[in-house]
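Please consult the sequence and structure shown here alongside the text.

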Amino acid sequence: DRAFQVSGLRHVIAVSGLHVSILFAIIYMVFGRQRVLNAIFGIPLLFVFAAIAGFTPSIVRACIMQTLMLMAMLVDKEYDPPTALAFAVLVILGVNPRAITSVSFQLSVGCMIGIFAFSEPLRKYFLSFGNLQKKGKGKGMQAKLIRWLFGSVSITLSAMVATTPLCAIYFGMVSLIGILANLLTLWIISFVFYGVMVACLFSLIWVPLGQTVAWLISWPVRYVLLISDVLSSFPLAAVY
């Protein structure tokens with residue numbers, strides 16, 4: 001747990017909006033462009049997940065925003081993320097005004113505000129160095145990798161704008177190696193969670209089959225643990 005905190009990967013093992021987005025991706029993958037089915041099955045599933053997670057502010061915020069996205073798809077209307085965030089905050093504070101004192105609430109909302117405000121300008125700024133800002137330009141694998149890298153760095157930096165001061169205040173520590181740690185691990189986190197779900201489902205059919213999938217998934221899990229351990233051991237990995 002300490003290694004995850006120092007390496008800036010604590011959010012991976014804390015139930016958060018990341019896991020809600022993975023759940024939403026699975027829903028969309030199953031039903032595709034079937035807007036009615038996405039809404040009928042997706043909205044109840046999101047709130048069952050929120051209930052299992054204990055209705056923590058960060059999970060409720062993410063579930064409300066994803067629900068609004070499903071509703072927008074259902075009625076064929078534009079989904080506006082900042083408006084959805086504001087609505088989610090209004091609902092949470094309307095039900096429980098003291099939620100504003102929650103660390104997870106502040107980190108979750110601050111993270112989203114930073115991403116909405118700064119990620120796109122940062123991404124365009126980084127892409128300007130490689131002259132890749134025009135859509136369709138640079139269709140090769142190298143260009144796609146560069147776009148992915150710049151996009152990931154932009155989102156990570158944008159999220160840190162608001163969360164870094166909060167981490168310093170509440171935890172007395174700021175990870176300096178977090179950007180590198182996230183770049184090395186976030187790409188595989190979704191596959192880990194998909195694999196865990198597949199292992200559980202296969203175990204219902206035949207336990208050895210589920211065990212085989214679980215063994216395969218254990219290797220990317222070991223990779224994430226290794227990155228966390230190695231990077232957290234670096235001198236000046238974090239400042240206190």
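The model is predicted. Its aromatic pairs number five. In one of them, the ring centres of Tyr125 and Phe126 are 5.9 Å apart and the planes meet at 55 degrees, so this pair is classed as tilted. An angle over 60 degrees would be needed for an edge-to-face pair, and one under 30 degrees for a stacked pair. Tyr125 and Phe126 also belong, together with Phe150, to one aromatic cluster.

Relative accessible area is listed below for three residues discussed in this report.

| Residue | Relative accessible area | Class |
|---|---|---|
| Tyr125 | 49% | partly exposed |
| Phe126 | 17% | buried |
| Ser158 | 0% | buried |

Phe126, at 17%, is under the 20% limit for a buried residue.

A charge placed over a ring is found at Trp219: Arg222 lies over the face of this residue, 4.5 Å from the ring centre.

Ser158 is part of helix α8, which spans residues 141–171. Its relative accessibility of 0% marks Ser158 as buried. The side chain of Ser158 comes to 2.9 Å from the backbone nitrogen of Ser119, a distance within the 3.5 Å cut-off for a polar contact. When neighbours within four places in sequence are set aside, the residues in contact with Ser158 are Gly114, Ile115, Phe118, Ser119 and Leu122.

Notes:
Residues are numbered from 1 along each chain as its sequence is written. This is a predicted model: local features need pLDDT of at least 70, side-chain atom pairs count only at pLDDT 80 or more; totals for chains, interfaces and linings use all residues. Side-chain values use heavy atoms; hydrogens and water are left out. Rings of Phe, Tyr and Trp (its six-membered ring) pair if their centres lie within 6.5 Å; planes under 30 degrees apart count as stacked, over 60 as edge-to-face and the rest as tilted. Buried means under 20% relative accessible area, exposed over 50%, partly exposed in between (1.4 Å probe, protein chains only). A charge sits over a ring if NZ of Lys or CZ of Arg is within 6 Å of the ring centre and within 35 degrees of the ring normal. Helices (H or I, at least four residues) and strands (E, at least two) are DSSP runs, numbered from the N terminus. A polar contact is a pair of N or O atoms within 3.5 Å; within protein, one must be able to donate a hydrogen and the other to accept it, and residues adjacent in sequence count only if both atoms are side-chain atoms. Contact means heavy atoms within 4.5 Å.
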